[in-house]
Amino acid sequence: MSLPPYDAIVLAGGRSSRAGSDKLAWTRDHATLLELAIRAVNSAARIVVVGPEPGSGRYSSRIVFRREHPPFGGPVAAIAAALDDLTNDVTLVIAGDLPAARPAIAALRSALDQAADVAVLRDAEGVRQPLLAAYRTTWLREQVAHAPAGAAARSLLSGARCVEVEDVWSAAQDIDTAADGQALGFRTAITTTRSGTAPMPPREPIDPPSGLQVPPLSDVPPGAELEYMVVQLGMSYDEIAEALTEATGRPVSRRSVSLALSIAEVTKRTGRRYRYCVPWRVREKHSTEYPVRMLRLLGRRLDGNIVDDSTEERLDQWLEMLWREHVVVAYCPEHLFRGFHYIDEKYRTMNPDYDGIPLRVQELWEDEVGDLPER
């Protein structure tokens, strides 16, 4: 059963006073901390980012930017600034400095049953995290309406019927200082504000192969800019076409974008094998089975390559199923009919390299398939 649609609020208006610079502009693998937060809730119907709008980057029409009043007024004031944009019964609230939040999103949405007002993440120390939680929108509106000026985020949970979700992903690990960011692989040596930290790469010419009939590409940027959109901003081909159409005032088709990417060989450079999500040498006869297709999509997601919304939603539903059924993916290359199997999560590989990835790395023997409890 699919989860109901939801809206999301990304809190991005803090001062970053302990960080020494605008921490949401820090980058890892060419994505800013803010972009990672937005990607975590990419399946939302509407994403309201409360904070300064970056001066560079193109965002889907589903993403809007608002400012809290007064500026730096705290998380409750920020949520209040987003309320008018919410249209769904469920709202996911996420702080902008949580780079590992994405795996928790589906679990929080799934846990919010009809009897609950809030599904909230509980961290390793047993502390509830109100800024990584799924709320009934009506409850959120009521709490914000009655909150005093400068109210703490925990006031949003006061009197609520809460369902707690254990943080098995370290999703609540936030970034406060430059040392925190560097420990998690972020480049923190920036001197400008968020509006000036992600310039577009220099233009590179596209030289079409001899004899190739190319449709009009005058409005499609050269390869470096397209690669930036696909890899760093995580835009789908449709989103790129939509953004270019809006920017130029002339229609740009998805096919033109796809062809330009192919000519620039961007697709070759981004079409990597995601070895942490698919660690096995998969036989051709098993290569199109649903579990391995989902693992490849998870690899794309973890690598910062966002796909279209319907595919993102399908991946979220699959991950939710694994979490709900307490299973992981295993591979048996010798199996005659089916290579991929769902087995009990107690067999999950615990190596830190595969943290958060629902699989058993060790291959199954054919005679093991019947012995392990398959779900």
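Trainee: Where is His-326 found?
Mentor: His-326 lies in the loop between α11 and β10. Helices (H or I, at least four residues) and strands (E, at least two) are DSSP runs, numbered from the N terminus.

Trainee: What kind of model is this?
Mentor: This is a predicted model, where local features need pLDDT of at least 70 and side-chain atom pairs count only at pLDDT 80 or more, while totals for chains, interfaces and linings use all residues. Residues are numbered from 1 along each chain as its sequence is written, and side-chain values use heavy atoms, with hydrogens and water left out.

Trainee: Back to His-326. What is its phi?
Mentor: His-326 has a phi near 60 degrees, a positive value in a residue other than glycine. Its relative accessible area is 41%, so His-326 is partly exposed. Buried means under 20% relative accessible area, exposed means over 50%, and partly exposed is in between (1.4 Å probe, protein chains only).

Trainee: How many residues of α1 are buried?
Mentor: Eight of the eight residues in α1 (residues 33-40) are buried. Among them are Glu-35 and Arg-39.

Trainee: New topic. How many aromatic pairs are there?
Mentor: There are three aromatic pairs in the structure. One of them is Trp-280 with Tyr-331, a tilted pair at 5.8 Å centre to centre and 50 degrees between the planes. Rings of Phe, Tyr and Trp (its six-membered ring) pair if their centres lie within 6.5 Å; planes under 30 degrees apart count as stacked, over 60 as edge-to-face and the rest as tilted.

Trainee: Where do Trp-280 and Tyr-331 sit in the chain?
Mentor: Trp-280 is in the loop between α9 (266-270) and α10 (290-302), and Tyr-331 is in strand β10 (residues 327-331). The two are 51 residues apart, so the pair links distant parts of the chain. Both Trp-280 and Tyr-331 are buried.

Trainee: Why is the pair of Tyr-331 and Phe-340 stacked?
Mentor: The planes of Tyr-331 and Phe-340 are at 25 degrees, with the ring centres 4.5 Å apart, so the pair counts as stacked. Phe-340 is buried, with a relative accessible area of 1%. Trp-280, Tyr-331 and Phe-340 form one aromatic cluster.

Trainee: What about α10 and α11: what is their packing angle?
Mentor: α10 and helix α11 (residues 309-325) pack at about 115 degrees, with their axes 10 Å apart. Axes are lines fitted to C-alpha atoms, for helices over the stretch in contact, and angles run from 0 to 180 degrees between N-to-C directions. The two helices are therefore roughly perpendicular. Angles under 35 degrees count as roughly parallel, over 145 as roughly antiparallel, 65 to 115 as roughly perpendicular and the rest as oblique.

Trainee: Which residues make the contact?
Mentor: They include Tyr-290, Met-294 and Leu-298 of α10, and Leu-315, Trp-318 and Leu-319 of α11. Contact means heavy atoms within 4.5 Å.
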